[in-house]
Amino acid sequence: MNGIDNQVNLFKVFSHLFNYTDETSLIYLVSKASELDVMERVMGVKSRNEYEVGQVFTRKEILSILQLHLIDDYLKRKNSGIEQLIHSFILHINELLEPNNLMFQVRVSDSPELDKIRTLLPDFDFLLKQYKSLAEDGTIDIEFLQVSSKPIGFSQITSQNKKKYVYSNDRLILQLKHIFFLTKVICTTRKLSKQNTRTYLIY
């Protein structure tokens, strides 16, 4: 990272080096049903809207926390911080959105992480409202958005894509999805000859 002297390129470390997002820019640090094994799905008492997590997600979480501490330590040695890094990236986005401007400021403080998150949540919610306004109206009316303090849900955010979600109900695809994401599946390849190989799925 010492060769990166641009704050915007340094921010992209989260995506390209730390894999916070995949090749389609979708966030990787989420818990997926396909990553839960049978015991994690059925064991324990769970509430209706509980966010289910398993060992795979726990590993992602621990790794992401270590990566955050790593880059935070690096930035502090450069007399900077994650807050300043985010601020630089917001300024970069605003240059691309002119004459519109996103209002989002991460405050620098020595408060515990949980207090920082609680402080950040209203600003993050307001950032989502600004994006929704930009996607729907092509402009950001800050004064109008500040009138309402009602939080916004992710399902209410307007997508720039005509087809936001794609699901398949084809029986064959559902069967293949079940087999390939089963935790007990073993994939092995057997060489029959110099030119022919055969792949087996054992489950």
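Trainee: Which residues are buried in α5?

Mentor: Ile82, Glu83, Leu85, Ile90 and Asn94 are buried in α5. Buried means under 20% relative accessible area, exposed means over 50%, and partly exposed lies in between, with a 1.4 Å probe and protein chains only. Keep in mind that this is a predicted model, where local features need pLDDT of at least 70, side-chain atom pairs count only at pLDDT 80 or more, and totals for chains, interfaces and linings use all residues. Residues are numbered from 1 along each chain as its sequence is written, and side-chain values use heavy atoms, with hydrogens and water left out.

Trainee: What do the buried residues of α5 pack against?

Mentor: They pack against α1 (7-11), α2 (13-16), α4 and α6. Contact means heavy atoms within 4.5 Å.

Trainee: How many residues does α5 have, and what is its reach?

Mentor: α5 has 16 residues. From first C-alpha to last it reaches 23 Å, close to the 22 Å expected at 1.5 Å a residue. The expected span is 1.5 Å times one less than the number of residues.

Trainee: Zooming out, what is the secondary structure of the chain?

Mentor: Eight helices and two strands. The order along the sequence is α-α-α-α-α-α-α-α-β-β. Helices (H or I, at least four residues) and strands (E, at least two) are DSSP runs, numbered from the N terminus.

Trainee: And how much of the chain is buried?

Mentor: Buried residues make up 23% of the 203 residues. The accessible surface comes to about 16,200 Å², and 56% of that belongs to carbon and sulfur atoms. Accessible areas come from the Shrake-Rupley method with a 1.4 Å probe; for residues, only the protein chains shown count as cover.

Trainee: Which residues make the nonpolar surface patch?

Mentor: Val38, Met39, Val42 and Met43 make a patch of about 410 Å². Patch residues have over 30% relative accessible area and no salt bridge; like charges are joined within 9 Å, and nonpolar side chains (Val, Leu, Ile, Met, Phe, Trp, Tyr) within 5 Å. A salt bridge is a side-chain nitrogen of Lys or Arg within 4 Å of a carboxyl oxygen of Asp or Glu.

Trainee: Why does Val38 count as exposed?

Mentor: Because its relative accessibility is 52%. Val38 is in helix α3 (residues 38-42).

Trainee: New topic. Where is Asn79?

Mentor: Asn79 sits in the loop between α4 (55-77) and α5. Its phi is positive, about 60°, although Asn79 is not a glycine. Asn79 is exposed, at 76% relative accessible area.

Trainee: Last one: which residues does a cis peptide bond join?

Mentor: Glu98 and Pro99, with omega about 10°. Pro99 lies in the loop between α5 (82-97) and α6 (113-137).
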